Amino acid sequence: MTRARMPRPHEVAAARRDPRLLRALRERREDDAWRTRGTCQSVDPETFFPAPNEPADAAVALCRSCDVQGSCLAWALEVGDCHGVWGATTPRERRAMLVAWRGQVEPDPDAVDEAGPPVRDRLLTLVPLS
């Protein structure tokens with residue numbers, strides 16, 4: 001397996017203008033039940049995880065017709081999922097979008113992850129209040 005490379009500056013610049021990313025930014029946290037309405041619910045999951053040497057065209061085409069494409073992509077960018085097709089994007093496209101995403105989205109202060117307490121509490125412990 002090859003190691004993923006960092007996106008080049010021109011790829012990040014193009015990602016910032018990508019309509020899929022702009023839609024994800026708009027639809028971020030708009031609908032918590034997006035997964036239940038995705039087109040992918042009626043398709044074999046293997047479709048969205050093609051082998052590295054196989055094209056992802058079928059999965060991308062299904063995603064482009066989906067009503068929850070923006071929410072799906074926003075979720076993938078927030079969790080940093082790098083495998084498979086999410087929100088009509090391939091892993092390579094999402095790597096460039098992720099750089100743009102992190103520059104435009106503030107972390108959710110109430111988010112809880114495996115690292116422990118909410119981000120807000122971790123920030124307070126790192127930055128002393130004067």
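Mentor: One term before we start: buried means under 20% relative accessible area, and exposed means over 50%. Also keep in mind that this is a predicted model.

Trainee: OK. Which residues of helix 2 are buried?
Mentor: Arg20, Leu21, Ala24 and Glu27. Around the axis they cover an arc of only 135°, so they sit on the same side of helix 2.

Trainee: And what is exposed on the other side of helix 2?
Mentor: Pro19 and Arg26 are exposed there.

Trainee: What covers the buried residues of helix 2?
Mentor: The cover includes helix 1, helix 3, helix 4 and helix 5.

Trainee: Take helix 4. At what angle do helix 2 and helix 4 pack?
Mentor: About 90°, with the axes 7 Å apart. Helix 4 spans residues 69-79. The two helices are therefore roughly perpendicular to each other.

Trainee: Which residues meet there?
Mentor: From helix 2, Arg20, Leu21, Arg23, Ala24 and Glu27. From helix 4, Gln69, Gly70, Ser71, Leu73, Ala74 and Leu77. That contact divides into five nonpolar, three polar and three charged residues.

Trainee: What comes after helix 2?
Mentor: Arginine 29 follows helix 2, and its phi is positive, near 60°.

Trainee: Switching to helix 1. Which residues are buried in it?
Mentor: Glu11, Val12 and Ala15. Looking down the axis of helix 1, the buried residues fall within an arc of 100°, so they line one face of the helix. They pack against helix 2 and helix 5, the latter being residues 91-104.

Trainee: What does the face turned away from the buried side carry?
Mentor: The exposed residues Pro9, His10 and Arg17.

Trainee: Last one, glycine 38. Where is it found?
Mentor: In the loop between helix 2 (19-27) and helix 3 (57-64).

Trainee: Is glycine 38 buried or exposed?
Mentor: Buried, because its relative accessibility is 9%, and the cut-off is under 20%.

Trainee: What does glycine 38 touch?
Mentor: Cys66 and Val68, not counting residues up to four places away in sequence. The C-alpha atoms of glycine 38 and serine 71 are separated by 9.8 Å, and the two residues are 33 apart along the chain.

Definitions and conventions. Residues numbered from 1 in each chain as written. Predicted model: local features only at pLDDT ≥ 70, side-chain atom pairs only at ≥ 80, totals over all residues. Heavy atoms only, no water. Helix = DSSP H or I, 4+ residues; strand = E, 2+ residues; numbered from the N terminus. Buried < 20%, exposed > 50% of the residue type's maximum accessible area, 1.4 Å probe, protein only. Contact = heavy atoms within 4.5 Å. Axes fitted to C-alpha atoms, helices over the stretch in contact; angles between N-to-C directions. Parallel < 35°, antiparallel > 145°, perpendicular 65-115°, else oblique. Nonpolar A, V, L, I, M, F, W, Y, C, P; charged D, E, K, R; others polar. Arc of directions from axis to C-beta.
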